[in-house]
Amino acid sequence: MNETNWAERLAENDGKEALARARVALARALEELDLYREKYDAAENPLRRAEILNWTLHHLSTYITPNLRLDMLANAQARLTSLVNH
């Protein structure tokens with residue numbers, strides 16, 4: 001295996017890992033969303049439902065983006081692109 005093939009394999013593996021991490025983060029977010037939905041359905045009044053929606057918004061806005069590891073996806077994409085341009 002030459003250096004180019006090795007670099008390509010590493011870049012492809014980085015891409016696969018980044019996609020897998022993103023998938024896990026989204027799956028976990030969906031599990032959490034299901035829990036909030038159950039709490040919402042069981043809530044006894046509109047104020048409690050509003051609080052649960054607020055918790056849900058907070059979770060979605062603070063959990064998903066950082067845990068998707070968009071930086072890993074971007075780095076893998078850049079590495080693959082750089083291999084094509086050489």
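This is a predicted model: local features need pLDDT of at least 70, side-chain atom pairs count only at pLDDT 80 or more; totals for chains, interfaces and linings use all residues.

Me: Which residues of α1 and α3 make the contact?

Reply: On the α1 side, the contact includes Ala7, Leu10, Ala11, Asp14, Ala18 and Ala22. On the α3 side, Met72, Leu73, Ala76, Arg79, Leu80 and Leu83 take part.

Me: How is the arrangement of two packed helices described?

Reply: Two packed helices are described by the angle between their axes and the distance between the axes. Here, helix α1 (residues 3-42) and helix α3 (residues 70-84) pack at an angle of about 155 degrees, and their axes are 8 Å apart. α1 is therefore roughly antiparallel to α3, since angles over 145 degrees count as such.

Me: What are the angle and the axis distance for α1 and helix α2?

Reply: α1 and α2 (residues 46-68) pack at an angle of about 175 degrees, with 10 Å between their axes. The two helices are therefore roughly antiparallel to each other. Among the residues that meet are Ala25, Ala29, Leu33 and Tyr36 in α1, and Ile52, Thr56, His59 and Tyr63 in α2. The residues of the contact of α1 with α2 divide into 13 nonpolar, three polar and six charged.

Me: How many residues does α2 have, and how far does α2 reach?

Reply: α2 has 23 residues and spans 32 Å from its first C-alpha to its last, which is close to the 33 Å expected at 1.5 Å a residue.

Me: May we end with a single residue? Is Ala18 buried or exposed?

Reply: Ala18, which lies in helix α1, has a relative accessibility of 1% and therefore counts as buried, the limit being under 20%.

Me: Which residues is Ala18 in contact with, leaving aside its neighbours within four places in sequence?

Reply: With those neighbours set aside, Ala18 is in contact with Met72 and Leu73. The C-alpha atoms of Ala18 and Met72 are separated by 5.5 Å, although these residues are 54 residues apart along the chain.

Definitions and conventions. Residues are numbered from 1 along each chain as its sequence is written. Side-chain values use heavy atoms; hydrogens and water are left out. Axes are lines fitted to C-alpha atoms, for helices over the stretch in contact, and angles run from 0 to 180 degrees between N-to-C directions. Helices (H or I, at least four residues) and strands (E, at least two) are DSSP runs, numbered from the N terminus. Angles under 35 degrees count as roughly parallel, over 145 as roughly antiparallel, 65 to 115 as roughly perpendicular and the rest as oblique. Contact means heavy atoms within 4.5 Å. Ala, Val, Leu, Ile, Met, Phe, Trp, Tyr, Cys and Pro count as nonpolar, Asp, Glu, Lys and Arg as charged, and the others, Gly among them, as polar. The expected span of a helix is 1.5 Å times one less than its number of residues. Buried means under 20% relative accessible area, exposed over 50%, partly exposed in between (1.4 Å probe, protein chains only).
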